[in-house]
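User: I'd like a close look at one part of this model, the aromatic rings. Take your time and walk me through them.

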Amino acid sequence: MKEEESNFVLKVFLTTSIIIATYMLIFSTGFSAVFLEILRDISLSLNFKVKYVINLIESLTFASVQHMSIFIGLISALVFLKYPIRGKEERKDLRKKVPFYDWILFIVILIPFLYIFFVYNSLTLRQGIVYPIDVVFGSIAILLTIEAARRILGLPLVLLTIGFLFYGVYNSNFDIKNIVSMMYLYNLGLWGTAVWVATFYIYFFMFFASILKQIGLGEYFINTAISLAGSKKGGPAKVAVISSAALGMMTGSSTGNVLTTGAFTIPLMKKTGYSAETAGAIEAAASTGGQIMPPVLGSASFIMAVYLGMKYINISIAAILPALLYFFGVYIFVDIEANKAGLKGLPADKLPPKGDIFKKSYYIFPIIILIWVLARGFSPQYGAMAALGFAMVIEWLTYKDNPLLHKIIFITLVVGFIIGFLLLGFELQNLPPIIAVIIIFLSIFYGFFSKKVKKMSNIVVSSMEDSVSKSLGVVMACVMAGLIEGVLLYTGLSIRLSSIFIALSGGHLFILLILSMIIAIILGMGMPTPAVYVITVITLAPALTKLGVPVLAAHFFLFFFGILGPLTPPVAVTSYAAAALSGGDFWKTGVQAFRAAIVALIVPFAFVYRPELLIIPIESWDFFVVLKLGFYFLVALVGVFLTVVALGNYLYGKLFMFERFVIFIGAGFSILSIILSPWLSIITLFIVIYEFLEIRKRSCCA
């Protein structure tokens, strides 16, 4: 009986996930609109009753809020199936038994979202008239999404959301009808920017990442990293840095990155002599950096692109130098720890053959396609779908068990669809997302009817379930962020808070930056990055820009420290995940991870005072501009290097106290040369030359 119930829960979860994925692919990509237009054209050419076709088109053409209502409603419902009432816990599998009250909540939470979906057109015609049923359904939607968020995200974000909602009620003179209608019926709250991004950007990248994982890109990245760095001193740790940087774009979560790559890299590091705490710390720091690694940064970066009104490729470009600085620091930390422990790399027979790595280099083509599409200025959704379709074609052609005849038939069908669309007058540049949807469903049906290519169908279905399951946390975080954003904008609290923060800083930029850093890190300790970013960017970014910080730099500053929060003790969930895998002490792992990622405290200040380090603010390029950019990047590299060396207490050997102090001074002057005056870098240069010569001479003599 228990086994039957467990299977039933699994079937419901899987079916709902497939419904979500199918709806999103057909309707949210514009796929349905294309075919409805084709149907209309066919009706016109054959003299069918066009009126009925037009009515069909209108009934199946949905607004953004309708897409969001279906997506958020079904996602919230799944949370009640997977997570128990007692609160947040890490779950890889579904519960075997779901209590009756959770089944009730699973159904009830769908009602207010389906209501919005079906009555949305009439809502737009009401001109602000609110019915009692709207308030009832709105209250249910808000309360149950908060409960769903509590189960999957824990209390900190939920309590903050409730606090803001109470303030909204107070600000509206306790008019529940007013605040509920604003959060439920209009483009605030449940339908705010963060929720829009989760629906139209984040989910499609989650699906893309799931497809990449299914076809083996993650394993390829790890093997490539082993091949490149495995034989070097402390090789397994350097593998962790490289693979976590590469896989960060696929997981969308620092903790998820740890659980993905750490399951392999942490045992490998321990085998070659790293302590459990150091192994966990390196993986946690590297995985955190995956959230700032272009071309696909953490999920909050999609929200940033919308808030700034920028093309996503510009966000990716802006992250290049900060990401290089961060991973350079982590890499130096790894090298120092390897030197201190006298560790060596992996033997040659343990390394993947470079020939195999080269033969499978086609795995990186989807990433290249993604970068190229984003560089052309298309949306993240378009880029994810185009790269996804290309990845599926590659898998069809390269999977050895797919019979040649089936490969030819599949490619012929895809090419046939492309030619058909071109003959119908569609432009080639508009086709990739549409063809990607066709490839996905063609793979499902082909695998369903032919067992010889069943794997292709399994890849898509598994990715549908996996992408929805992995989306639960980030989507609920975006919903809570949407409610907080709604209250801040509706009440005007964001403007007042901005003025308060400026007053607290006394109008001094550096003090405001320190205050903003502390707030972002504290919020990040208990909240997902999208929520931290939305809260801080609405309340703190205006204050930063008023004191002269460029808008892009202000947003990146808050984004960086929001990412650092989950790595920072005492509430370091990313370090906790790494410690759970390594078997090390949680506190020691967290402290070491924070030390490994300490450069993340330096880098944001660097690009606030020198925005050219984000590249995008540079309006025109000439030799002087390139020289200036290179100089500040080099100074930042030196500052990062000296900071890590001083904290690690090692350079060619253990440092004397005076040497360590002098290196700290050199690191400080390198940072000051960025913030205050480039001439201060001369002091850093003298310190670097003197210390390197002295320490190297001592180590040689020893």
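How many aromatic pairs does the count come to?

Analyst: Quick ground rules. This is a predicted model, where local features need pLDDT of at least 70, side-chain atom pairs count only at pLDDT 80 or more, and totals for chains, interfaces and linings use all residues. Residues are numbered from 1 along each chain as its sequence is written, and side-chain values use heavy atoms, with hydrogens and water left out.

The count comes to 40 aromatic pairs, where rings of Phe, Tyr and Trp (its six-membered ring) pair if their centres lie within 6.5 Å; planes under 30 degrees apart are stacked, over 60 edge-to-face and the rest tilted. One of them is Tyr23 with Phe117, an edge-to-face pair at 6.5 Å centre to centre and 75° between the planes. That pair ties together distant parts of the chain, 94 residues apart: Tyr23 belongs to helix H1 (residues 2-28) and Phe117 to helix H6 (residues 110-123). Helices here are DSSP runs (H or I, at least four residues), numbered from the N terminus. Both Tyr23 and Phe117 are buried, meaning under 20% relative accessible area with a 1.4 Å probe, protein chains only.

Now take Tyr203 and Phe207: their ring centres sit 6.3 Å apart with the planes at 5°, so this pair is stacked. Tyr203 and Phe207 are four residues apart in helix H10 (residues 193-215), which puts about one helical turn between them. Tyr203 is buried at a relative accessible area of 1%, and Phe207 is buried at 0%.

Finally, there's a cluster: ring pairs link Trp196, Phe200, Tyr201, Phe205, Phe208, Phe302 and Tyr312.

How values were computed:
Helix = DSSP H or I, 4+ residues; strand = E, 2+ residues; numbered from the N terminus. Buried < 20%, exposed > 50% of the residue type's maximum accessible area, 1.4 Å probe, protein only.
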